Amino acid sequence: MPSADLAAARRELTADCSRCAALCCVLPAFAASADFAVDKPAGTPCLNLLTDDRCGMHDQLRERGFPGCVVFDCLGAGQRLTRSTFAGRSWRDDPATAREMAATFPVMRQLTELLWHLTEARTLTTDPAVGALLDRVEQLTRSPAAELARADVGALRSEAGELLGQVSERARADVPGRARDRRGADLMGAALRGASLRGAS
């Protein structure tokens, strides 16, 4: 369980659907599978979405074939876009807003994911580089839509990945009986039941 401080720091990184314009029910595409009962093209409202942006069967999603909706978490990206970037406007308002939201939602989702990990990393180290990158990413989330759409998220993720790897290595350095690292290993189909992964990357 995260500490009380970490939980508090992550409060704005928790999805609050009541402050969002149902972006995850409209913008992503999904295919009929074990996770979703039907196909849905990107930018098309889910057939279960009501006009007030609530789900028409929220309490029955698993039973009716939509477990993918239950496990999806935007980490607060939806409300940041709706309330901050677009100042309360919705994809329902006009086609231009819908296009802008479609272009920026995937970017904001990746930024909030970075914030989630960097927030935890800051509790594990005093390295000022972590705080500096956290501030940069947070500032980027407050950018206008056009700037968000142009953001080089791939470069940010690469930079954050390297830094988070260093923090992780330092945090695990003194783990007793530490298992060998498996970073970069192809574990597809590997039998890991009972394997010791203590302290491993």
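**Helix packing and cysteines, explained**

Q: Why is Cys25 called partly exposed?
A: Cys25 has a relative accessible area of 23%; buried means under 20%, exposed over 50% and partly exposed in between (1.4 Å probe, protein chains only), so Cys25 counts as partly exposed. A word on the source: this is a predicted model, where local features need pLDDT of at least 70, side-chain atom pairs count only at pLDDT 80 or more, and totals for chains, interfaces and linings use all residues. Residues are numbered from 1 along each chain as its sequence is written, and side-chain values use heavy atoms, leaving out hydrogens and water.

Q: How do you know that Cys25 is too far from Cys24 for a bond?
A: Their sulfurs are 4.1 Å apart, while a disulfide needs a pair of cysteine sulfur atoms within 2.5 Å, so this pair is too far for a bond.

Q: Why are H4 and H7 called roughly parallel?
A: Helix H4 (residues 95-122) and helix H7 (residues 153-172) pack at about 15°. Angles under 35 degrees count as roughly parallel, over 145 as roughly antiparallel, 65 to 115 as roughly perpendicular and the rest as oblique, so H4 and H7 are roughly parallel.

Q: Which residues make the contact between H4 and H7?
A: Among them are Val107 and Leu111 of H4, and Leu156 and Ala160 of H7 (contact means heavy atoms within 4.5 Å).

Key:
Axes are lines fitted to C-alpha atoms, for helices over the stretch in contact, and angles run from 0 to 180 degrees between N-to-C directions. Helices (H or I, at least four residues) and strands (E, at least two) are DSSP runs, numbered from the N terminus.
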